[in-house]
Amino acid sequence: MMRIGFLPSDFNPMILMLGEAEDIRALSGVLRRFGRDRVEVAFGDLGFCHVIGADVLLTAADGPFGVQARDQRNFLWRVPPDMAIGFADRLEDLAEPGRVAGSENLDCGTEDGIVVKVSRGEYTDDFLGSGGGQPLF
């Protein structure tokens with residue numbers, strides 16, 4: 001199960017996605033399909049994801065690329081379709097069977113946005129906790 005949560009910080013806020021190889025392969029498939037079809041995806045609606053606190057909506061809608069707070073509990077992740085396919089390729093490498101641990105930062109080249117970090121084997125299962133998540137403000 002891919003666990004997704006927001007980690008607030010004054011200097012490096014991030015959406016952290018923790019999962020195993022099969023979760024990362026599934027996320028890669030979601031990003032590849034998004035790059036092809038441009039259909040919005042709410043991570044909380046995906047069967048292999050468990051959102052802790054705030055949900056993330058992947059979209060190609062007009063606006064600045066990267067992650068922005070949508071409201072007190074939700075985020076928009078605007079990704080150009082071609083970049084989503086590149087992210088999918090990087091995640092397939094992270095999901096390789098011989099790889100025990102690692103991570104990928106999936107950023108859209110914006111310096112002031114919120115980073116999306118996908119991690120395998122770097123954190124304990126309880127790192128994000130199971131509570132209501134962190135408020136954005």
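## Cysteines

The sulfur of Cys108 lies 18 Å from the closest cysteine sulfur, that of Cys49, which is too far for a bond. This is a predicted model. A disulfide requires the two sulfur atoms to be within 2.5 Å. A search of the whole structure accordingly returns 0 disulfides.

Cys49 is buried, with a relative accessible area of 10%. Cys108 is buried too, at 11%.

## A buried aspartate

Asp23 sits in helix H1, which spans residues 21-37. Asp23 is buried but has no salt bridge. The nearest side chain of opposite charge belongs to Arg3, 5.1 Å away. A salt bridge would need a nitrogen-oxygen distance within 4 Å.

The backbone nitrogen of Met1 is 3.2 Å from a polar atom of the Asp23 side chain. Leaving aside residues up to four places away in sequence, Asp23 touches Met1, Met2 and Phe48.

## Aromatic pairs

The structure holds 3 aromatic pairs. One of them joins Phe6 and Phe75. Their rings are tilted, 4.7 Å centre to centre, with 40° between the planes. This pair links distant parts of the chain. Phe6 belongs to strand E1 (residues 2-7) and Phe75 to strand E7 (residues 74-78), 69 residues apart. Phe6 and Phe75 are both buried.

Elsewhere, Phe43, Trp77 and Phe87 form one aromatic cluster.

Key:
Residues are numbered from 1 along each chain as its sequence is written. This is a predicted model: local features need pLDDT of at least 70, side-chain atom pairs count only at pLDDT 80 or more; totals for chains, interfaces and linings use all residues. Side-chain values use heavy atoms; hydrogens and water are left out. Rings of Phe, Tyr and Trp (its six-membered ring) pair if their centres lie within 6.5 Å; planes under 30 degrees apart count as stacked, over 60 as edge-to-face and the rest as tilted. Helices (H or I, at least four residues) and strands (E, at least two) are DSSP runs, numbered from the N terminus. Buried means under 20% relative accessible area, exposed over 50%, partly exposed in between (1.4 Å probe, protein chains only). Lys and Arg count as positive and Asp and Glu as negative; His and the chain ends are not counted. A polar contact is a pair of N or O atoms within 3.5 Å; within protein, one must be able to donate a hydrogen and the other to accept it, and residues adjacent in sequence count only if both atoms are side-chain atoms. Contact means heavy atoms within 4.5 Å.
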